[in-house]
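Subject: Structure handover

Hello,

Please find the structure below. My notes on what was found in it follow.

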Amino acid sequence: MTTAKHEALPPPRSGTSLVVTILLMAISALLSGYVTSTILDKEYKIIFAEMQKDCHQIQNDYLTCRSHAAEETTKWRIYADQNIRACQGYVERHLGEDILAYKLGSDGLGKAINRTLEHEALQFELTQSEAKATTLLNSNIILNQEVEALEKDRAIRTRQIKNFVTELEDAERALELRDLERVECDRYYRDLINCEESLDQAKQDNVNNEAPSSHTVKQLSDQVKALQNQGKMKEAMLEEMGFTINDAKKEIQSWKVKSESLVEKVNFRSRRDVLKQYGPGPHYVQIALSQEETILLKMAPLDLMSHTIHIFMNLIQEKMYVGGTFLLAREHILVAAPIDAFDPENNQRLEEEMVDEGYFPDGALLFHQYSPEFPHAKYTVGFSSTGGPLFYINIQDNIKAHGPRHIDNEGDVEGDPVFAEVVEGFEVIQRILALPRNEDDSLNTRVQIVDTYVVESDAK
């Protein structure tokens, strides 16, 4: 905004000059106001024009901004729709996953609950199994005690049977002697008849001849009485011996019945223990010479010889052969035992273990078992005649050599117990048979048994 420049007024005059001055001042003021108003109007117009221009610019900017905003809004709406759809898809997907996870979690929780219940059931069964195992262990201890008692009873009865057999043999010899004495008695009886006839004849002669001989008659009468007394004594002796023999036969029959009952009980308990410890079978055992060399044996049917199978499987399970050796290789058998001829200390340990367990020196079996259904064929396994623990593998058919047979001066001999057959490891057996031997057929190379164990039939 501009201001007018006024010239300096002359000094006022009196009267008219004052009016003029006032008028001039008024006119000057009006002019100044007009000029000022004009200037202000121009400036106002300029400002208004500028403002109008700015307003148009602002309006254009507004329209542009509105258009841009509409475009951006459209874009953002589209983007928002896309995001909404993406979010919906994401939510639906994750909701589906969450639902699936929930279902899986529910199923997993159900399975976990079921597994927990199963675990509790298994824990309960385990507790029962432990209780049963404890019971079986106690029962096994009791059975072992019973077996020891039975073994002692068996030894006592064996000695008694031997005594009875000896008494029976003595009775038979006495019976033979009685037969001889009976023959002698018959001879005495005939002599007595002859004496009586002679006495009668002498009496008749005495009557006929009327020349009695009292001395001859008395002598003949004494002989008759002596023979009669001797005959009575022999008859009494023979009768007493007959009673003794009958009593011995009855006692032997009684012990035979008791022995058969004892055998039945041992077989029953052996079969029961095998089924409890090792399952229904078929039963296998493994003999290891190293990790690579093993011999697998399949046991005979349990019903054929349950006591023998029970004893051998216990020997295997209790590792009684571990540390022992294959010690003898002949043309017909390969022998193994808890014996170590190469290490005296180990051999002493093995012997002490066998003695402590009652397997040595009287044998591991309480009695021998042999079945013609499982004979001494090639690659079968049997106990020695002492009833173990020494065992052998038949390299050939040994039915005649080791089965039931008749031996001169000994009579009929029962067969060695044969209880298993080789099903794997034939090459190991052949390798052992090919090793150098001493003069007595013992191996001069140590072939040691490093492990033995019962093989599960399912695993086999």
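Rings of Phe, Tyr and Trp (for Trp, the six-membered ring) are taken to pair if their centres lie within 6.5 Å; planes under 30 degrees apart count as stacked, over 60 as edge-to-face, and the rest as tilted. This is a predicted model, so local features need pLDDT of at least 70 and side-chain atom pairs count only at pLDDT 80 or more, while totals for chains, interfaces and linings use all residues. Residues are numbered from 1 along each chain as its sequence is written, and side-chain values use heavy atoms, with hydrogens and water left out.

Aromatic pairs

The whole structure holds eight aromatic pairs. One of them joins Phe312 and Phe391 edge-to-face, at 5.7 Å centre to centre and 80 degrees between the planes. Phe312 lies in helix H3 (residues 306-317) and Phe391 in strand E6 (residues 391-394), so this pair ties together parts that are 79 residues apart in sequence. Helices (H or I, at least four residues) and strands (E, at least two) are DSSP runs, numbered from the N terminus.

Phe312 is buried at 0% relative accessibility, and Phe391 is buried at 1%. Buried means under 20% relative accessible area, exposed over 50%, and partly exposed in between (1.4 Å probe, protein chains only).

Phe312 also pairs with Phe419; that pair is tilted, at 4.6 Å centre to centre and 45 degrees between the planes. Phe419 is in strand E9, so the pair with Phe312 of H3 ties together parts that are 107 residues apart in sequence. Phe419 is buried too, at 0% relative accessibility.

Ring pairs link Phe312, Tyr321, Phe326, Phe383, Phe391 and Phe419 into a cluster.

Strand pairing

E9 (residues 418-424) pairs with strand E2 (residues 294-299) in the antiparallel sense, over four bridges. Two strands pair if DSSP finds at least two bridges between them. Strand E5 (residues 380-383) is also antiparallel to E9, over three bridges. Which residue of E9 is the bridge partner of Thr380? The partner is Glu421, and Lys298 stands opposite Glu421 as well.

Helix H1

Leu23 is placed in helix H1 (residues 16-209).

Regards
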